[in-house]
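Please read the following briefing alongside the sequence and the model.

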Amino acid sequence: IDTVLLLPDGQYNLSVAVSNSTGTTQVVNDSITNITVDNSAPEVVLYKPAEGENFSSGIENFDVTVNDVTTDVDSVLFNITNGTADTVFIANNLAGSDDWYFTIDIGSYNEGVQTWTVLANDSLLNQNDTESITFTIDRTAPIVNLENANKTTFTSSTPTLGFNFSDALFSVANCSILFDADILWTNDSTVNDTSTNFTLNPLID
């Protein structure tokens with residue numbers, strides 16, 4: 001029986017009926033019960049971390065919920081890769097729930113963008129491997145270059161300051177200009193490796 005085409009997922013009872021040439025029908029066997037049809041992989045929801053998070057060190061919990069409405073969830077694997085090296089962990093199930101987790105030491109990974117993929121299998125080996133997110137491990141601060149403010153004497157009370165920053169992993173950064181510890185300007189989408197100018201409000205000598 002092609003269950004993919006004929007039967008939706010669920011529990012079924014099977015009986016066999018046979019008709020002879022005279023039209024007499026006899027139920028041959030009606031004792032086959034609780035047949036499970038399951039052509040669907042478990043549903044996976046990634047909970048933590050979120051897409052695009054940034055880590056430098058420490059211990060992080062990776063959490064998902066996995067649910068299969070027809071059969072039991074058999075196993076959940078976490079795959080973390082930077083494109084060249086893969087690490088696979090067997091996730092732990094929080095007893096009596098749909099929650100699966102694993103604790104990962106961020107310090108054991110190199111800097112760069114990592115992809116976390118969940119591989120969830122039910123008891124009939126239907127697998128869902130479509131859910132993933134990327135996160136970044138970054139331990140190196142950006143390099144900042146003051147283009148015209150380092151030991152510069154300004155004759156204007158509204159000087160224009162120029163700077164740029166470079167970072168190996170991020171295309172934008174949150175940058176601020178401080179004057180005697182007071183924040184005069186900030187921009188959370190300053191572009192990497194690009195000159196940025198800002199004209200200060202009138203300053204007192």
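The protein has one helix and 16 strands, where helices (H or I, at least four residues) and strands (E, at least two) are DSSP runs numbered from the N terminus. This is a predicted model, in which local features need pLDDT of at least 70 and side-chain atom pairs count only at pLDDT 80 or more, while totals for chains, interfaces and linings use all residues. Residues are numbered from 1 along each chain as its sequence is written, and side-chain values use heavy atoms, with hydrogens and water left out.

**Overall figures**

- Of the 205 residues in the protein, 29% are buried, a term that stands for under 20% relative accessible area, with exposed meaning over 50% and partly exposed lying in between (1.4 Å probe, protein chains only).
- The protein exposes about 13100 Å², of which carbon and sulfur atoms supply 50%; accessible areas come from the Shrake-Rupley method with a 1.4 Å probe, and for residues only the protein chains shown count as cover.
- Among contacts (heavy atoms within 4.5 Å) with a separation of 6 or more, 56% are between residues 24 or more positions apart.

- Five strands form an open sheet in the order 4-11-10-6-7, with mixed pairing; two strands are taken to pair if DSSP finds at least two bridges between them.
- The edges of this sheet are strand 4 (54–55) and strand 7 (86–90), each of which pairs on one side only.
- Strand 4 pairs with strand 11 (residues 127–137) in the parallel sense over two bridges, and Phe-55 has Ile-137 of strand 11 as its bridge partner.
- Strand 6 and strand 10 (residues 112–122) run antiparallel and are joined by eight bridges, with Trp-116 in strand 10 as the bridge partner of Ile-80.
- Strand 6 is also joined to strand 7 by five bridges, again with the two running antiparallel, and here Phe-78 has Phe-89 of strand 7 as its bridge partner.
- The hairpin of strand 6 and strand 7 has four residues between the strands, and in this hairpin Gly-83 takes a positive phi near 100°.

**Asn-79 in strand 6**

- Asn-79 is found in strand 6 (residues 73–81), and this residue counts as buried because its relative accessibility is 11%.
- The side chain of Asn-79 makes a polar contact with the side chain of Asp-86 at 3.2 Å; a polar contact is a pair of N or O atoms within 3.5 Å, where within protein one must be able to donate a hydrogen and the other to accept it, and residues adjacent in sequence count only if both atoms are side-chain atoms.
- When neighbours within four places in sequence are left aside, the residues in contact with Asn-79 include Asp-86, Thr-87 and Val-88, as well as Thr-115, Trp-116, Thr-117 and Leu-119.

- Strand 5 (residues 59–67) runs antiparallel to strand 9 (residues 99–105), and seven bridges join them; Thr-65 stands opposite Asp-99 of strand 9.

**Strands 13 and 16**

- Strand 13 (residues 160–166) and strand 16 run antiparallel and are joined by four bridges, with Asn-197 in strand 16 as the bridge partner of Gly-162.
- Strand 16 (residues 196–199) has Thr-196 and Phe-198 on a covered face, whereas Asn-197 and Thr-199 lie on an uncovered one.
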